[in-house]
Amino acid sequence: MHIEMDFSLLIILILFGFLAAFIDSVVGGGGLIGLPALLFAGLSPAAAVATNKLAGTMGALTSTISFYRSGKIEMKSVLKFFPLVFIGSAFGAWVVHLLDPNLLKPLMLFMLAAVAVYTIFKKNWGSVSTYKKLSVSKLLLFALIIFACGFYDGFLGPGTGSFLIFAFLMVGYDFLSAAGNARFLNFGSNIAALLMFMGLHQVNYAYGIPMGLAQIAGAILGSRFALKQGASYVRGLFIVVTCCLLANNLYDYFLK
């Protein structure tokens, strides 16, 4: 698709893309910043979502590389879940054309609230890793949750990073390792949805590529800052972003 280039809007998208990636590179939730900016630029909701996926995928790949180089991604463990999140996201992006995404919103609101409340009140949760090899039943349940997160990302999207991090925390990872592993899988769900949107010709490359380049810079700085500050910083940012996602979606659902 094509839209006339506007230099001032492009600058705004670059700035917002950088900020979105700085946050998204650690705990997700960058869509809270990126999507409104793309809608402000005049894109339709479908094109805004698709273009944000292009920019977000570029940022997610960058932060994934940063976490991998720092040793915070257990590639051996998460690589087997990559096909699940990829297929789930592609399926979700396809199903969104058949069903109204608002059908999932009540469940998403409840889950975001539960994630926020649980994390706030479990003070020392995720400060150190307590991960042990999962039993077969727990492994199957974890795999199902990862597939569901992928489906959700393709179908609706907001909060996917939070849900993936929460899934890793539940099996004993610390916040920093959970963030790294979640970034890798979130990249998988992003690329699957992006390919689907590209096939549907919904991506605006004139805005998406410059915004994506800004997201690369934001992801580099955001992930490096998180690695330097440690698990406590990631936990605090996780709570703030999850609460912001919840507030934003409550407003969209009940007041708009």
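This report walks through the salt bridges and the cavity of the structure above.

The model is predicted, so local features need pLDDT of at least 70 and side-chain atom pairs count only at pLDDT 80 or more, while totals for chains, interfaces and linings use all residues. Residues are numbered from 1 along each chain as its sequence is written, and side-chain values use heavy atoms, with hydrogens and water left out.

**Salt bridges**

Taking a salt bridge as a side-chain nitrogen of Lys or Arg within 4 Å of a carboxyl oxygen of Asp or Glu, the count is two.

| Salt bridge | N to O distance |
|---|---|
| D24 and R183 | 3.4 Å |
| K53 and D153 | 2.9 Å |

D24 sits in helix 1 (residues 7-27) and R183 in helix 9 (residues 175-199), 159 residues apart. Helices here are DSSP runs (H or I, at least four residues), numbered from the N terminus. K53 in helix 3 (residues 45-69) and D153 in helix 7 (residues 136-155) are 100 residues apart.

Buried means under 20% relative accessible area (1.4 Å probe, protein chains only). D24 is buried at 13%, and R183 is buried at 2%. K53 is buried at 11%, as is D153 at 4%.

**The cavity**

A cavity is a set of points, on a 1 Å grid over the protein atoms alone, where a 1.4 Å probe fits but cannot get out; lining residues have an atom within 4 Å of a point. There is one cavity of 30 Å³ or more. The largest cavity has a volume of about 30 Å³, counted as the space filled by probe spheres set on the points. R183 is among its lining residues, as are V26, L164 and N186. Helix 9 gives the largest share of this lining, four residues.

Note on methods: Helix = DSSP H or I, 4+ residues; strand = E, 2+ residues; numbered from the N terminus. Buried < 20%, exposed > 50% of the residue type's maximum accessible area, 1.4 Å probe, protein only. 1 Å grid on protein atoms, 1.4 Å probe; cavity = no way out; pocket = protein on both sides within 12 Å on 5 of 7 lines; lining within 4 Å.
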